[in-house]
Amino acid sequence: MRSFSYSRPSALDEACQGAESVRFLAGGTNLIDLMKSDVERPAHVVDIKSLPMRDITDRPDGGLRLGALVTNADTAAHPLVTGRYPLLASAILAGASPQIRNMATNGGNLNQRTRCHYFYDPAMACNKRSPGTGCAARGGRNRIMAVLGTSDACIATFPSDMCIALAALNATVNLHGPQGERTVSVRDYHRLPGDTPWRDNVLQPGEIVTAIDLPPAPFGPHHTYLKIRDRQSFAFAIVSVAVGLQMEDGRIRRGSIALGGVGTKPWCVPEAEALLNGQPPSHSLFRDVAERLLHGAVADRDNAAKIRLAPRVIERALWQAAVGTPQSQTDKAIR
Amino acid sequence: MTHVSVAVPCRLQINGQGYAADLPPSVTLLDLLRERLGLIGTKKGCDHGQCGACTVLVDGKRVKSCLILAVSIPDAAVMTIEGISQNGRLHPMQQAFIDTDAFQCGYCTPGQIMSAIALLEEGHIHSRAEIREFMSGNLCRCGAYNGIIDAIERIVAQQRGNHAGEAA
């Protein structure tokens, strides 16, 4: 690891200084790894773990506020989360390992970088790591890469499980920066790569995620997080689907769905969700929704299987949610 | 800002003993344990948070010491494999690993045992499938997984026996 200077401020404004060569350290599970791989080379590391953003609290609207520094493990085990947002707990437990979840934070999960092999290898061309050098993933070994939201400059997959559930839950990200506070919908937080793939999200220099707000989730048992991967544990998604359905008299009053593993950001298509509204569950409906979600998908050399696999995972997840049998993250059998 | 300097104060409790020194901030907890304190029971496997060989307990929680800057956990209580024996006797989990043939080469074993001790505290022990899932952060390339799960189940059964005894 290259040398760097280090500070541990205890006030938010002290932390938000805003230089390009500064990185914020929270759980460190991604940043320290990237520094060891020489992908991240900060001159200064601001350790934010002393900042007061470590609570999970009720919101006046019946929702919940997740502090940015609460660990993934504590979030997934919190009674208010398991009771009201089992979809979120399930997605968190589908990701990483117990040790990583004990370290990794909610804010860090939003800001984690892609696990694209070419991004991680400084000898390879990568527009996300080194702007203007090209994209070695295009035409390369790219079976894990994205098929939705890609550009000529970048086909890197956004790797989070938690954020896919946050997108389905229509969460809001709270930010604090040199210009003050603002909020961004989690669905708008991550950027498409376009021709500037080095900017993963809308964070400005010096801005920090302080909390994630969850609106009330009226899904009851009608939700699921279904994740397909190369091995059953401690692996990133090839395709994952987060679904919440508000059911009423056998019909879907309102449906919410987000895809992971296939997009350059958490993938949501409001027109696909709108197809669900007011309809009874049916194979033809769910097939139409899956088709609409995958509209515009483009495969590169090795990842066409994702385009064939994703509709089946989407349809299965919609049925799991419709009948109220969420996917177990312990017994991995898919029913 | 506080502490903008080359070396940064590091203060820890390691296996119950106080430690204080000024360290370069780039020193990981794993490298502090192995290279500066001679506590080489904690292993360096992948050094990227994937294998679990470096698992230790920080304030009672299992974590990967290769991904933690030693200066970033002020006043934390760190427990390593060297700290778990009780009055010169093996920790019950260590003995169970021996009794169930839960290792071959032994390189992953300290991390497996630290992880297993934390697993019991967490209570993710309701089924063999649950134990497997919640031990997924520790790889064993010899493939001793069945013995590892057996060792953990043996301790779970012992604890249930003890609790049943207390209740009676």
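Why is strand 9 of chain A largely enclosed by the rest of the structure? Of the 7 residues of this strand (residues 223-229), 6 are buried, so strand 9 of chain A is largely enclosed; a residue counts as buried if 20 or more other C-beta atoms, placed from the backbone, lie within 10 Å of its own. The model is predicted, with local features requiring pLDDT of at least 70 and side-chain atom pairs pLDDT 80 or more, whereas totals for chains, interfaces and linings use all residues. Residues are numbered from 1 along each chain as its sequence is written, and chains are lettered from A and ligands numbered from 1 in the order in which they are written.

Strands (E, at least two residues) and helices (H or I, at least four) are DSSP runs numbered from the N terminus. Strand 9 of chain A runs antiparallel to strand 10 (residues 237-248) of chain A, and 7 bridges join them; two strands pair if DSSP finds at least two bridges between them. Ile228(A) has Val239(A) as its bridge partner in strand 10 of chain A.

The largest nonpolar core comprises 150 residues, and Ala165(A) and Ala242(A) have the most contacts inside it. Such a core is a set of buried Ala, Val, Leu, Ile, Met, Phe, Trp, Tyr and Cys residues joined through C-beta atoms within 7 Å. Strand 10 of chain A supplies the largest share of this core, 8 residues. Leaving aside residues up to four places away in sequence, Ala242(A) touches several residues, including Leu87(A), Ile164(A), Ala165(A), Tyr225(A) and Ile257(A).

Between the chains, 28 residues of chain A are in contact with 30 residues of chain B, contact being defined by C-beta atoms, placed from the backbone, within 7 Å. On the side of chain A that touches chain B, strand 1 (5-7), helix 2 (31-36), strand 3 (44-47) and helix 6 (98-103) each supply at least two residues. The largest share, 5 residues, comes from helix 6 of chain A.

Chain B contains an open sheet of 5 strands in the order 2-1-5-3-4, with mixed pairing. Strand 2 (17-23) and strand 4 (61-64) of chain B stand at the edges with a single partner strand each, so one side of each has no neighbour in the sheet. Within the sheet, strand 1 (residues 8-14) and strand 5 (residues 76-79) of chain B run parallel and are joined by 3 bridges. Ile14(B) stands opposite Val78(B) in strand 5 of chain B.

Terms used:
Buried ≥ 20, exposed ≤ 12 C-beta atoms within 10 Å, placed from the backbone. Contact = placed C-beta atoms within 7 Å.
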